[in-house]
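Please keep the structure open while reading.

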Amino acid sequence: MKTDTPVVTRLKDYKAPEFLTKTVDLKFELDPTKTIVTSTCHIQRSGEHTKDLRLDGEDIELVNISIDGKPLAKSQYSTTKSGLTIKNPPKEFTLQIVNTCNPSKNTSLMGLYVSGGRFCTQCEAQGFRRITYFQDQPDILSTYKVRIEANKQAYPTLLANGNCVEEGDLENGRHFAEWEDPFPKPCYLFALVAGEFDNINDSFVTMSGRTIPLDIYVDPGDASRAEYAMDALKRSMKWDEDVFGREYDLDRFMIVAVRDFNFGAMENKGLNIFNSSLLLADEASATDHNFESIESVVAHEYFHNWTGNRITCRDWFQLCLKEGFTVFRDQEFSADQRGRALQRIKDVKALRAHQFVEDAGPLAHPVRPASYMKIDNFYTATVYNKGAELIRMLKNILGAEQFRAGCDLYFDSLDGTAATVEDFIDCFEKSSGQDLSQFMRWYEQAGTPEVSVTTTHDAQQKSFRLHLAQKTPATAGQPSKQPFAMPVDIGLLDRKTEREISRKNVILKDRSASFEFSDVPDDPVVSVFRQFSAPVNVNIDVPASDRLVQMKSDPDLFNRWEAGQALARDLLVDLTQAIESGRVPKKTDFLGMYVGAIGDIIRNPEIDNGFKSMAVTPPADDAVLQAMKGQPTDPLAIRQAIKLLRRAIAEHHFDAISALYSDLSNPVDFSPDAAGAGRRALRNTCLALLATLPGQQIAPLAREQLQAATNMTEEIAALLVLTRMGGHHAQHALSHFYDKWHGNPLVVDKWFAANAQIGGRQAIAHVRKMTEHEDYKNGNPNRIRALIGGFAAGNLENFHRLDGEGYRFVADNIIEIDRRNPQVAARLAGVFGIWSKVDNRRAILIQDELRRILKAKPSANVMEIATKSLGD
């Protein structure tokens, strides 16, 4: 696919547009193989110049072009494979372009394409250029009128952004609908959908008394499974009014679910388009994680109406402006819906599993990148999740009242504009009177800061001093870093009574600083960065007994969980090093203390089930690899260490875990709320712990749960336990599950993901064979992520095989997928960024696969990921 070296786009080179498009009228004559698009735009020159007008365009065919009704001669314009240039256009004019495109062959799923016999669009970031010739950049804000014409029998529903102003029948069995969006928007927010759908409808009364019709469109037969999404939407609309004072603006709000979609969902103005996996759910076919994700993503896309649509990005380097702020908003919504402490733990686990790994590897970049080859590659955990942490820190630094005042000023002063991060921060400086110039470093510097904590206690003076020192490791292009401004939430616990004796919120601005506490008669237990007040790695040398105090008594539930995780990480690092070297582990005394503390948590009936499930679960492989501090490590040694620790918990507390599992097995009515999800999570955690015991004595218990389950959360958990056992247990369970669910595409995705995790030496052959299964749709991103992504992320024993066959299998699929869908292929290629963290033998194998991918002449998307992963 590669014919030229991709162009690098740089933030410093940004220039304001030389032409502005004020209005856009679009007419679509839909046909799967040859859609005719007529674009009529009112354009005016910006400033005094005589430059040519360049429009982006890819994979479309120009039919004709005119200015102010007069066709242009061929000498007045030129076309290339990437666009169209109009020579010396007037100062102000109406440009009409007629072009065609072929949606049925658009396997990239960007622009206008066909999914399941229905037309759909995806225009963020640069998909609109696949629909018609246009200035495809976010700082061109226009009002849109859209007319859609199509065969009425095949495409009875015709949707676009905004409000429907007219619809009716045409000749030859065709019909039309006209839509108008009165709010200026960038072209990446344009949306069109046409096809046959079932729908559910409801309404929401806004805080000003307006009644807004709400519609969700789904595949025929799926309407009942959209009820939870509708409920989440109404709760989101109310929450945004209550917490941020934001009311919905259009006369109608619509959501459409499609099966083939590169992303999770898209916030197109008034017409959100969702991957069906993030919209459809019921008790039998969706897990608790599915319900939580639907709630979160429905809220996220709705919240974009203000943080992304009404105020958008000046350029794609400002992506964090809309995504970071909106992720923060959806996290706060989820915290209010499902419990603040538990949600914070989940958010931080996701941040560490994805963004911290990104920051520590060759793909590290600032929250606002300085350059890119393909902007598609920067929809990352750094932009989204770390971007959200910056908003959270800003709120902690300013306080809730000043933060809300800054948000209000942002919404009021920048409504209808394409803004920058500087514009955003300026609003908070003006509203609070504070200088936030140092805070901007969080947007400009890559890497995860490391904060070292040391303490001194003066018993005679009854004083306690906490010393903090920050340092951020070098990343590509940034060898040295300036200190950040970060909020630090500190608590002190009395070592004897285990009660909190002092609490303080401070701002660390310098490379190091000390903070004094008075009236502290005894050396306390220290609890720092409560609620994970800043996205940092904390280095603090404390005795295991201090961690145990925190695990039992820290009033901050996040740090109560974190204390157990920190103690387990230390144990797992020691176990991993012992396995690699063949020596006896050093911290055997810690092991008994930790396992004992976990037993106390298991037996404590006062602890919330959801929290208990997370607290008794040791850290995952990626967390241990990060804790190795850059020392190249055998990933299978980590895997074995985790298994040993989990087995130790199961052996020492077999009776308590078995009794708890039995108690949680008593039938209760299903509810997707936090309490119901916590109960099921703890039951499944108990089963997973018991499954670590030697032999296969738990197989009958897992089979019973699989066959008796009335909800997908417990059914899929039992399936995974049996699948990981391998052999006949896996084959029988997988066959049973497929026979039951083969007619439901979203559950079949789960089945492919389970197959990807099968154990044993024949695992790769099995997974490779699954790519030939009649239900494996190699053009569907969900299915690719389930099987290929599921293998790379969830079957570590086989992905990291020493013969390199696991790496080779994934690379083969990346090369093949890249020919159809570069975005999905590039996402998969990110798994190889781990090479610098693993042992030398595996590092060489991974590097070889990355070079093989580059030799295959990949797309610009994959080329950027592969070259950066190699450090080239």
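How closely do the axes of helix H24 and helix H26 come, and at roughly what angle do they cross? The model is a predicted one, in which local features need pLDDT of at least 70 and side-chain atom pairs count only at pLDDT 80 or more, while totals for chains, interfaces and linings use all residues. Residues are numbered from 1 along each chain as its sequence is written, and side-chain values use heavy atoms, with hydrogens and water left out.

The axes of helix H24 (residues 805-818) and helix H26 (residues 840-855) come within 10 Å, and their crossing angle is roughly 15°. Axes here are lines fitted to C-alpha atoms, for helices over the stretch in contact, and angles run from 0 to 180 degrees between N-to-C directions. Helices (H or I, at least four residues) and strands (E, at least two) are DSSP runs, numbered from the N terminus. H24 and H26 are therefore roughly parallel to each other; angles under 35 degrees count as roughly parallel, over 145 as roughly antiparallel, 65 to 115 as roughly perpendicular and the rest as oblique. H24 passes H26 in a right-handed crossing, a term for the near helix being turned clockwise from the far one by less than a right angle, with anticlockwise giving left-handed. On the H24 side the contact (heavy atoms within 4.5 Å) is made by Tyr807, Arg808, Ala811, Asp812, Ile814 and Ile815, and on the H26 side by Arg842, Leu845, Ile846, Glu849, Arg852 and Ile853. By class, this contact of H24 with H26 has seven nonpolar, no polar and five charged residues. Ala, Val, Leu, Ile, Met, Phe, Trp, Tyr, Cys and Pro count as nonpolar, Asp, Glu, Lys and Arg as charged, and the others, Gly among them, as polar.

Another helix pair is H6 (residues 400-414) and H7 (residues 421-432), whose axes come within 8 Å and cross at roughly 125°. That angle makes H6 oblique to H7. The crossing of H6 past H7 is right-handed. Residues in the contact include Phe403, Leu409 and Tyr410 of H6 and Phe424, Cys427 and Phe428 of H7. The contact of H6 with H7 divides into nine nonpolar, five polar and two charged residues.

Next comes a sheet. Three strands form an open sheet in the order S28-S27-S30, with antiparallel pairing; two strands pair if DSSP finds at least two bridges between them. Strand S28 (500-508) and strand S30 (525-527) stand at the edges with a single partner strand each, so one side of each has no neighbour in the sheet. The twist from one strand to the next averages 20°. Strand S27 (residues 486-493) is joined to S28 by eight bridges, and Met486 has Leu508 in S28 as its bridge partner. Helix H9 (residues 544-553) packs on the sheet, touching S27 and S30, and its direction makes about 60° with that of S30.

The backbone details remain. Most residues other than glycine have a negative phi, and most peptide bonds are trans. Asn88, in the loop between strand S8 (83-86) and strand S9 (92-101), has a positive phi near 50°. Asn88 is exposed, with a relative accessible area of 54%; buried means under 20%, exposed over 50%, and partly exposed in between (1.4 Å probe, protein chains only). Lys629 has a positive phi near 60° and lies in the loop between helix H13 (621-627) and helix H14 (635-652). Lys629 is exposed, at a relative accessible area of 59%. The peptide bond from Glu124 to Ala125 is cis, with omega near 5°, and Ala125 is in the loop between strand S11 (118-122) and strand S12 (142-151).
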